[in-house]
Amino acid sequence: MRVGIGYDSHRLIEGRKLILGGVQIPFEKGLLGHSDGDALTHAIIDAFLGAAGLGDIGGLFPDTDPRYKGANSLSLLKKVVSLVNEKGFQIINVDSTIIAEAPRMAPHIPEMRKRLSEVLRTDAINIKAKSNEKMGAVGRGEGIAVWAVGLIEEI
Ligand code: MG
């Protein structure tokens with residue numbers, strides 16, 4: 001078995017959709033990014049790339065590449081699952097923590113888990129959410145950060 005860690009953060013700005021785990025969450029701001037800004041999915045991607053020794057999301061999907069402008073991050077994750085499988089591993093589980101002062105994530109977590117499980121082909125997906133207790137940039141609501149760990153095993 002091999003484990004990997006992933007971290008991502010994006011700035012919250014007006015005029016963008018807020019998408020996490022492939023779910024559009026009603027909020028007055030959204031995450032700035034070259035792709036759809038889905039920080040949860042990006043952290044999960046980096047966790048599995050790390051576990052498989054495949055580098056990182058920036059190397060695989062450069063933000064200078066116009067193909068990834070506005071990209072659906074779940075489709076990027078799908079590509080990563082294929083690469084992990086091609087390297088001889090299968091996905092075991094993922095655990096993650098979203099750090100956001102607002103909005104409340106809890107009502108949306110079941111749908112995030114469902115969307116992610118369709119791509120990762122496992123139900124062993126855990127998503128936690130917490131505030132940053134008003135500390136620092138995330139605590140001031142300037143952005144959202146996510147940590148994730150992913151486990152894989154040789155097929
Ligand atoms: Mg990102």
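**The metal site**

Mentor: In sequence, the donor residues of the magnesium ion follow the spacing D-x1-H-x31-H, where donors are N, O and S atoms within 2.8 Å of the metal (3.2 Å for Na, K and Ca), and sites may look incomplete since water is not among the atoms. This is a predicted model, in which local features need pLDDT of at least 70 and side-chain atom pairs count only at pLDDT 80 or more, while totals for chains, interfaces and linings use all residues. Residues are numbered from 1 along each chain as its sequence is written, and side-chain values use heavy atoms, with hydrogens and water left out.

Trainee: Which residues coordinate the magnesium ion?

Mentor: The magnesium ion is coordinated by Asp-8 through OD, His-10 through NE2 and His-42 through ND1, at 2.1 to 2.2 Å. His-10 sits in strand 1 and His-42 in helix 1, 32 residues apart, and the pair links distant parts of the chain; helices (H or I, at least four residues) and strands (E, at least two) are DSSP runs numbered from the N terminus.

Trainee: Switching topic, which residues of helix 1 and helix 4 meet?

Mentor: From helix 1, Leu-40, Thr-41, Ile-44 and Phe-48 meet Met-112, Leu-116 and Leu-120 of helix 4, contact meaning heavy atoms within 4.5 Å. By class, that contact has 6 nonpolar, 1 polar and no charged residues, with Ala, Val, Leu, Ile, Met, Phe, Trp, Tyr, Cys and Pro counted as nonpolar, Asp, Glu, Lys and Arg as charged, and the others, Gly among them, as polar.
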